[in-house]
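Subject: Structure for you to look at

Hello,

Here is the structure I said I would pass on. Please open it next to this email and follow along as you read.

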Amino acid sequence: MAIDRALITEALSMVRDPQSGQDIVSRNMVQDLVIEGNNVNFTLLLPSLNMESKSDMNFACIGTIQKLFPEAEVNIHMTAQSPTATKASTLPQVKNIIAVASGKGGVGKSTVASNLALALHQLGASVGLIDADVYGPSIPTMFGLQGKRPKVQQLYGKPKMMPLKAHGIQLMSIGFIIEPEQAVVLRGPRLAGVIKQFLSEVVWEPMDYLIVDLPPGTGDVQLTLVQSVPVTGAVMVTTPQTVALADAVKAMNMFQLPSVSVPILGVVENMSWFTPAELPNNKYYIFGQGGGKLLAKKSKSVLLGQVPIVQSIRAGGDEGNPIVLEKDSIPAKAFQKIAKSTLQQIAIRNEYLPPTKVVQMQA
């Protein structure tokens, strides 16, 4: 029986990349495949020739081919990716990484992140959401997953977590790992370790957008994120009042530092006005007006949208059904508008700006 190239490719697609958990064929790690009689020759492109699982991957490739063609003589040449490719090898299956940030807590950042992720999914995108607000994880509650735990699978002898799923999107949070009432006491290096785990030790399926819900302010989590992956852009969340705006400007300025250089995609103004359910046309500006527009102007970006204070937003988050799932409601339409505006800004950013680089550690 002649060795068929298509069947060899199909067999190799069963071998996993130890970093991303994706198959090595879709990751374009199999290069220069040549079949001559019983000889199967190809190059395996690795992030590094020093990786621990190099030998395991070699035997996995040989085994999966010889299971199909026992007579095959498999010759694998292993080579390392370029340094530039290696730096970008974390989450290669994710097209865009979007940070959702705020200057202070209590502005509804997690609500915005959750509903933005779901609204993007409603528009046909494949989406994931990382709850990086490790001190106050809200995502398990907002998606009705309290008490759920991620499954663990072994990949070349190392444990990898599988993201949970709800309403069609992939999710990961420290709230899936600790008990709901357990206090999170973490400092710099350990805090960074948790975020790195979420980025490199979770088997994320390929996706168009990964939303990262950051903690408020400018701390270790933000720094770890930009040092680990190329962030496409940031969405800033603020409320209209001056005190929230002042803190939001500081958080925005961190992304715009020359050493970081993450584009600001736009601003979401949350709690823009209060609208009673029985008076849907009434607007009461209890936190003032104009904060979102001013922040957008300072960041030289756009106001992606405004979200009113409506009781159903709070209720939906508490019940595990974010409000955007009620597609015809007033707040759902606000989040749908924000999602469309965000997609437009991402398209503009990707058209006119070079890819964001991973921030390098300074000695």
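Predicted model: local features only at pLDDT ≥ 70, side-chain atom pairs only at ≥ 80, totals over all residues.

Strands E4 and E11 run parallel and pair over five bridges.

How many of the residues of E11 are buried? Six of its six residues are, so the strand is mostly covered by the definition of buried as under 20% relative accessible area. The cover is on both faces of E11. Gly 233, Val 235 and Val 237 are buried on one side, and Ala 234, Met 236 and Thr 238 are buried on the other.

Next, a single residue of E4. Val 100 lies in this strand, which covers residues 94-102. Is Val 100 buried or exposed? Its relative accessibility is 0%, and because the cut-off for buried is under 20%, Val 100 counts as buried.

Which residues does Val 100 touch, leaving aside its neighbours within four places in sequence? They are Lys 109, Ala 113, Leu 116, Ile 211, Val 212, Asp 213, Leu 214, Val 235 and Val 237. Two of these, Val 235 and Val 237, were named above among the buried residues of E11. For Ile 211 there is also a distance: Val 100 and Ile 211 are 111 residues apart in sequence, yet 7.0 Å apart in space from C-alpha to C-alpha.

Val 127 stands opposite Tyr 209 in E10.

At the E13 end, strand E12 (residues 264-274) pairs with strand E13 (residues 303-309) in the parallel sense, over five bridges. Asn 270 stands opposite Val 307 in E13. Together with helix H9 (residues 291-298), E12 and E13 make a right-handed β-α-β unit.

There is also an open sheet of three strands, in the order E1-E2-E3, again with mixed pairing. Its edge strands are E1 (30-36) and E3 (73-80), and each of them pairs on one side only. Neighbouring strands in this sheet are turned by 15° against each other on average, direction ignored.

E1 pairs with strand E2 (residues 39-46) in the antiparallel sense over five bridges. Within this pair, Val 34 stands opposite Asn 41 in E2. Two helices go with this sheet. Helix H1 (residues 5-12) lies across E1 and E2 and runs at about 140° to E1. Helix H2 (residues 54-68) packs on the sheet, touching E2 and E3, and its direction makes about 150° with that of E3.

Last, the chain as a whole. How many helices and strands does the chain have? It has eleven helices and 13 strands. The radius of gyration is 23 Å, close to the 21 Å that the globule rule gives for 363 residues, so the chain is as compact as a globular protein of that length. Along its principal axes, the C-alpha trace spans about 75 × 45 × 40 Å.

Of the 363 residues, 51% count as buried. Among contacts with a separation of 6 or more, 75% are between residues 24 or more positions apart. The accessible surface of the chain comes to about 17,200 Å², and carbon and sulfur atoms account for 53% of that.

Regards

Technical notes. Residues numbered from 1 in each chain as written. Heavy atoms only, no water. Helix = DSSP H or I, 4+ residues; strand = E, 2+ residues; numbered from the N terminus. Buried < 20%, exposed > 50% of the residue type's maximum accessible area, 1.4 Å probe, protein only. Contact = heavy atoms within 4.5 Å. Pairing = 2+ DSSP bridges. Right-handed = clockwise from strand over helix to strand, strands pointing away. Rg over C-alpha atoms; globule rule 2.2 N^0.38 Å. Areas by Shrake-Rupley, 256 points an atom, 1.4 Å probe, with all protein chains shown as cover. Axes fitted to C-alpha atoms, helices over the stretch in contact; angles between N-to-C directions.
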